[in-house]
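Trainee: I would like to go through this model chain by chain. Please start with the terms.

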Amino acid sequence: MVDIAVEGPARSEASAGRTVTMVQAINDALDVALTADRRVLLFGEDVGMGGVFRASDGLRDKHGEARVFDTPLAEAGIVGYGIGLALAGMRPVAEIQFAGFLYPALDQILSHLGRYRHRTRGRFTVPMVIRAPYGGGVHTPEQHADSPEAVLAHVPGVKVVIPSDPFRAKGLLLAAIRDPDPVFFLEAIKLYRSIKAEVPAGDYTLDLGKARVVRRGDAATLIAYGGMVAVCLKAAEVAAREGVELEVVDLETLVPFDADTVLASVEKTGRAVVVYEARKIGGFGAEVAARIAEDAIWSLQAPVLRVAGWDAPYPPFGAIEDHYRPSARRVLSAVRQVLAA
Amino acid sequence: MEPLRFIAEDGGVSDALPLTPDELVRGYRAVFRARLFDERAMTLQRQGRLGVYPPYRGQEAAQVGAVLALRPSDWLVPSYRETGAAIIHGLPMSQAILYWRADPAGWQFPDDLRVLPFYIPIATQLLHAVGVAAAGRYQEEDWVALTFIGDGGSSEGDFHEALNFAAVYDVPVVMVVANNGWAISVPTEKQMKNTRIAERAAGYGIPGVVVDGNDLAAVWHATREAVARARGGGGPTLIEAITYRMGPHTSSDDPSRYRSAEDGKVWEARDPVVRLELALRTLDAWDDARQEALVSEAKAEFEAAVREADAAPEPRPRQIVEHVFEVMTDDARSAWEALEHG
């Protein structure tokens, strides 16, 4: 269990809550959203009984089968049906059971989801959220541990949000559901039950499109999101024992990308390591590194390094899985390189 | 399954005709307007005043007959071929011209018009129609969604998923397959083993109907029944309209490379617009004077639409980055400034 320091403006305003896991916080957010707005609908495969990760546990009983329902087992159908609901005034929240099962829906996503506002100049919009568990670290079978965020971030008109702890997950999910544009909300499977945090009861939202500094330091900047934030914080703790203070930036929203927060940190430390779980080539961390090169290269004391998944498919559960996902040890190895430069 | 037909190719009218002469006149005026738009749009395209354009000559009755079964509160979810359907459901011709001119002024359909934009990716629109139709039930609206697809589109996975979703949720949607025999150059028999597409409805547990798509009365009647069933809670219907694309797939296509001239002649004799005019004359509901008045009215409408389209403001490069999100991102703002000021 990793404790994550929480910063954020809404925290002081929120009422006393309880200490919960991230999946409980997500369940809470969905409940709040369904209660607050009759237009919100929740659906997907096995969502009615609570979902395979229990994110929708109890919500069908509370809000009724018309609003919380199972779909046929068809991902293009789920996304396409949701787009239609959104076009005609609803606020659909679809669950794709695993991000690695999203691919049948790519035509709907690439051709329509993010394009609708643009191709009708605002006449029609798709205020839809697609939630999907992503990433590895919990020994799932093949195909269950993909991290396709870069694919999604490459789609114009679609926001991509990836929370790193229970408090952030609830506030960001509520913001995503109320956002006027389509949002992918990717939930690191590894974080569902491995971390707990105090989460306020009731309704609160956190701003989309803002990165945040989750640990202050001056030696180098670690940039991560989702499941990799905990890994970076662990690396920073280890480094601190040796007197090296690392700054950790949680991107939180990949699109729109908050370059200012990243650049401000890198301009301060002069060194950057970008950490992500997806395949290294073409991953979102490559975009971050490129942005640093474009806008902050004169502040750099060392090349920007990436610590990411290997250039291979994510391996199935078992003995070698832990060697794919970046670890604190691999992050620290990269930190030593940038500090030595 | 024999196609439903009330008007024969020679204009002979069945005693069972379920439409009044006044309705047939209304239908004829609509198919005529649709045809005139299509002919003139192709001319504009050849003059370089329209972009790539997908004509629908020969399919007017299949489009217009179905749309006439709708109320203004119902939704139309068209594929790229359904410009005629969109116009009859209320899309101003000037807007249609601007759309096919690829002018941003044509992208934004009027606020009160329930027509979704033309769909290019095949079969994807059906799922949206199912969702739109279902959305009415949450808002105590009794709207129905009408959507179109071609025979080739029935091979796509989204066709199956849409039919299944519509059936499982009993959604008030009507899907019309305009079976024009060709998916660009691929004939129906190479597209599917079972060439009677409406029969597939049984596989989803919903009604399937085959109509002579060049008989406006048959299309209108079948769609009217399907729409009434949908509105009444009876769920979706799949309608197959047998028709023929008399022109090319788009203005860039040359059908003589894959279709025989004989084929064209056979279908020329089945022309839906000519057939309906003959039927009206058989019923003594039409004459030369009315025809001349309709011709000049429709021409004037089109010419006015062209003038209106030509008067649209010049597109601005900055429009490329507008309306990506409701609130422009910082990066988009920088691009907007750069495009605006060069």
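Mentor: Two residues are in contact if their C-beta atoms, placed from the backbone, lie within 7 Å. This is a predicted model, in which local features need pLDDT of at least 70 and side-chain atom pairs count only at pLDDT 80 or more, while totals for chains, interfaces and linings use all residues. Residues are numbered from 1 along each chain as its sequence is written, and chains are lettered from A and ligands numbered from 1 in the order in which they are written.

Trainee: Which residues does B:G84 touch, not counting residues up to four places away in sequence?

Mentor: B:G84 is found in a helix of chain B, α3 (residues 83-88). Helices (H or I, at least four residues) and strands (E, at least two) are DSSP runs, numbered from the N terminus. Leaving out residues up to four places away in sequence, B:G84 touches B:A34, B:F37, B:D38, B:Y56, B:E60, B:Q63 and B:V64.

Trainee: Is B:G84 buried or exposed?

Mentor: A residue is buried if 20 or more other C-beta atoms lie within 10 Å of its own, exposed if 12 or fewer, and partly exposed in between, with C-beta atoms placed from the backbone. B:G84 has 29 C-beta neighbours inside 10 Å, so it counts as buried.

Trainee: What share of the 342 residues in chain B is buried?

Mentor: Chain B has 13 helices and seven strands. The radius of gyration of chain B is 20 Å, close to the 20 Å of the globule rule for 342 residues, so chain B is as compact as a globular protein of that length. That radius is taken over C-alpha atoms, and the rule is 2.2 Å times the number of residues to the power 0.38. Buried residues in chain B come to 50%.

Trainee: How far apart are the C-alpha centres of domain 1 and domain 2 of chain B?

Mentor: Domain bounds come from an automatic or database domain assignment. In chain B they give domain 1 (21-311) and domain 2 (316-342). The distance between their C-alpha centres is 35 Å.

Trainee: What is the mean pLDDT of chain B?

Mentor: pLDDT is the predictor's confidence in each residue, from 0 to 100. The model scores ipTM 0.97 and pTM 0.96. In chain B, 100% of the residues reach a pLDDT of 70 or more, and the mean is 97.

Trainee: How many residues does domain 2 of chain A give to the contact with domain 1 of chain A?

Mentor: Chain A is divided into domain 1 (16-200) and domain 2 (212-340). Their C-alpha centres are separated by 26 Å. Domain 1 of chain A gives 27 residues to the contact, and domain 2 of chain A gives 22.

Trainee: Which element gives the largest share of the side of chain A that touches chain B?

Mentor: Chain A and chain B each put 31 residues into the contact. On the side of chain A, the elements that give two or more residues are α4 (75-87), α5 (106-113) and α6 (116-119). The largest share, nine residues, comes from α4(A).
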